[in-house]
Amino acid sequence: MKLKYFTSGIVKENPLLILMIGLCPALATTVSARDGFGMGIAASFVLIASNLVVSLIRRYVPNSIRIPIFIIIISTFVTIIDYVLQAYQPALYSVLGVFVPLIVVNCLILGRAEAFAYHHGVWDSFLDGAGKAVGFTLVLGLMGIIRELFAAGTVFGVAVTPAGYREQPMLFMVFAPGAFLLIGILKSIVNRLTAGKARS
Amino acid sequence: MQLNPGQVFLGALLVNNILLMRFLGLCPFFGVSNAVGTATGMSGAVMFVMLLATWVTWVLFHAVLAPLGLDFLRTAVFILVIASLVQFVEMFLKKNLRALYSSLGIYLPLITTNCAILGVTFLNVDYGFNLLNATIFALGSGLGFGLVIILFAAIRERLADAPISRSLSGYPIAFVAASLVSLAFLGFTGLFGISF
Amino acid sequence: MSATTPQWVQGRFWMVASLVIVCLVAAFSLARVYNATRPVIEQQRIEATNRALAEVLPRATRFEEQVPDTLWYGFDGADEQVGSVIKVSPRGYAGPIEALAGIGQDGRITGIYITSLKETPGLGLKATEPRFRDRFLNRTPEELRLVQDGGSIDAISAATITSRAIADGIREGIESLRHRLPIGAGKSDPPDELDFSDPARPDQP
């Protein structure tokens with residue numbers, strides 16, 4: 001029954017659409033499908049790795065200084081992914097920019113370390129981290145796909161709309177207002193679905 | 001090449017507003033923009049810590065990390081500096097300035113994970129600002145944060161009384177409102193040729 | 001915590017020691033990662049520059065850096081100089097744009113290449129597409145202004161600031177480095193060039 005740690009992160013406790021955390025990268029970096037998924041994967045790496053390490057050493061972390069220790073662990077993994085992306089995915093890195101080091105203040109990651117990994121075993125913490133990571137990445141990727149589709153007429157750089165549309169696409173979606181509007185629409189759909197569930 | 005401080009200020013305040021254009025600090029933005037009072041308190045705390053954090057991290061980066069070739073510790077050092085700064089400010093206010101503490105105090109713990117602060121300190125380094133421009137940038141960003149969050153709180157106070165369908169009420173309508181406000185800020189694009 | 005937590009973990013000594021250990025392990029592993037990735041990052045940068053140089057001055061097979069990271073001379077197979085490449089970083093709409101421009105010996109643009117830009121994603125990115133870059137081909141530096149500024153470069157629709165930053169940036173870059181550019185044996189006559197070029201652009205080899 002431990003599997004629920006994994007699945008709850010994808011739907012019932014989806015970090016972005018239910019818990020509403022990690023909004024900054026979700027809005028700033030989802031300008032295309034590749035960038036959305038890229039950001040999601042980078043944050044996922046940090047989330048899963050920090051959950052693993054925190055749960056591994058949790059018995060030896062003094063209560064009073066646990067937060068600084070978590071922050072050091074998280075920032076180490078953030079810096080690792082920062083350099084790895086710079087070295088092997090420079091094009092993606094140039095888009096994500098400052099949002100890669102800013103993964104360190106993504107409330108999701110410190111929150112899971114504090115609320116879950118500090119009290120649970122390694123395997124459970126991995127499932128929890130992986131579930132939240134998948135839930136986070138899927139929403140980022142979805143937003144990237146939708147925004148790229150509207151603003152460029154492509155998905156993952158592959159043209160999917162007629163050439164006429166790509167000539168004059170709906171650029172609005174790539175700007176800040178488009179990002180806010182899209183997450184508002186997504187959240188209202190989620191509200192609608194969950195409200196229906198509560199009634200039945 | 002150093003930018004003119006006036007441009008840095010207006011750029012940070014309006015053209016590339018930290019909340020609406022750079023998407024930094026959105027969690028507190030939607031979290032505390034329910035009422036004008038809390039929004040004012042939060043933005044005061046953010047402005048204060050942003051300025052302090054900028055000074056400390058700027059000096060630390062240019063005097064210690066960069067000369068020693070320890071750039072790779074930047075993320076870890078900056079976040080630790082901000083976390084301990086917040087703690088320190090909280091203790092100091094509690095002891096010496098009770099009045100200020102009672103208005104800003106409850107927002108301080110939330111600031112450590114506010115990406116606006118850390119984001120501004122990173123951007124100061126990335127843009128290669130000197131200390132004057134870094135200070136101006138922090139000031140402009142902090143004021144820009146306050147301006148938008150207070151404006152937005154006023155909008156949300158009205159939204160609270162508006163008849164909104166159930167699936168849109170709460171976050172969704174706030175996002176839609178933010179979309180419209182940021183559309184307005186998009187109009188500042190290219191103001192006075194500011195473009196950083 | 002759980003029952004297996006030893007007593008000494010909550011003690012004062014371990015409080016300091018654990019922080020020190022965590023910091024040391026973190027710093028050590030970061031140093032390892034940094035040292036492992038730095039050469040790759042450096043290599044990427046060099047390769048990207050070389051690709052861009054070849055792109056803007058296609059006739060050249062070999063480049064010599066004259067001013068570090070700012071000016072290169074390009075030579076062909078016969079070791080004859082065929083042009084120069086300058087790097088400019090004008091300020092765009094959302095941040096600095098870095099662009100390379102190739103200039104032939106006749107003073108005309110042989111190509112431009114945007115190496116980095118933090119413009120509005122999607123819009124600004126159009127500046128990196130050939131459709132925009134080709135608008136610079138064979139222009140003289142004096143022509144490098146937007147049409148609405150009295151030049152001959154059509155701006156990207158909805159990205160005027162980016163377009164202007166690139167056009168003006170390259171023109172100003174060429175002007176400031178003019179003394180180092182072996183254009184027309186150093187005796188170029190701008191008005192003549194303008195008259196000559198406007199009716200029909202001569203073909204670029």
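Predicted model: local features only at pLDDT ≥ 70, side-chain atom pairs only at ≥ 80, totals over all residues.
In strand β2(C), C:Tyr73 is the bridge partner of C:Glu64. Below is a quick tour, starting with chain C and then moving on to chain B and the side it turns to chain A.

**The hairpin in chain C**
- β1(C) and β2(C) make a hairpin, with three residues sitting between the two strands.
- In the turn you'll find C:Asp69, which has a positive phi of about 60 degrees.

**Chain C as a whole**
- Chain C has four helices and five strands.
- Of the 205 residues in chain C, 35% are buried.
- If you take the contacts in chain C with a separation of 6 or more, 50% of them are between residues 24 or more positions apart.

**A look at C:Cys23**
- C:Cys23 sits in helix α1 of chain C, which covers residues 12-56.
- Is C:Cys23 buried, exposed or partly exposed? C:Cys23 counts as partly exposed because it has 17 C-beta neighbours inside 10 Å, and a buried residue would need 20 or more.
- C:Glu172 is 149 residues away from C:Cys23 along the chain, and their C-alpha atoms are 48 Å apart.

**Annotated spans in chain B**
- An unreviewed UniProt entry lists "transmembrane region" for residues 6-32, 44-66, 72-93, 105-125, 131-153 and 173-194 of chain B.
- One of these spans, residues 6-32, is 63% helix and 0% strand in the model, with its end C-alpha atoms 30 Å apart.
- Residues 131-153 of chain B are 100% helix and 0% strand, and here the end C-alpha atoms lie 32 Å apart.

**Where chain B touches chain A**
- On this contact, 31 residues of chain B meet 33 residues of chain A.
- On the chain B side, the elements giving two or more residues are α2 (26-32), α4 (74-96), α7 (115-126) and α9 (171-186).
- Which element gives the most to that side? The answer is α9(B), with nine residues.
- By residue type, the side of chain B that touches chain A splits into 23 nonpolar, six polar and two charged residues.

Definitions and conventions
Residues numbered from 1 in each chain as written. Chains lettered and ligands numbered in written order. UniProt positions renumbered as here; feature names shortened; annotations may be inferred. Buried ≥ 20, exposed ≤ 12 C-beta atoms within 10 Å, placed from the backbone. Contact = placed C-beta atoms within 7 Å. Nonpolar A, V, L, I, M, F, W, Y, C, P; charged D, E, K, R; others polar. Pairing = 2+ DSSP bridges.
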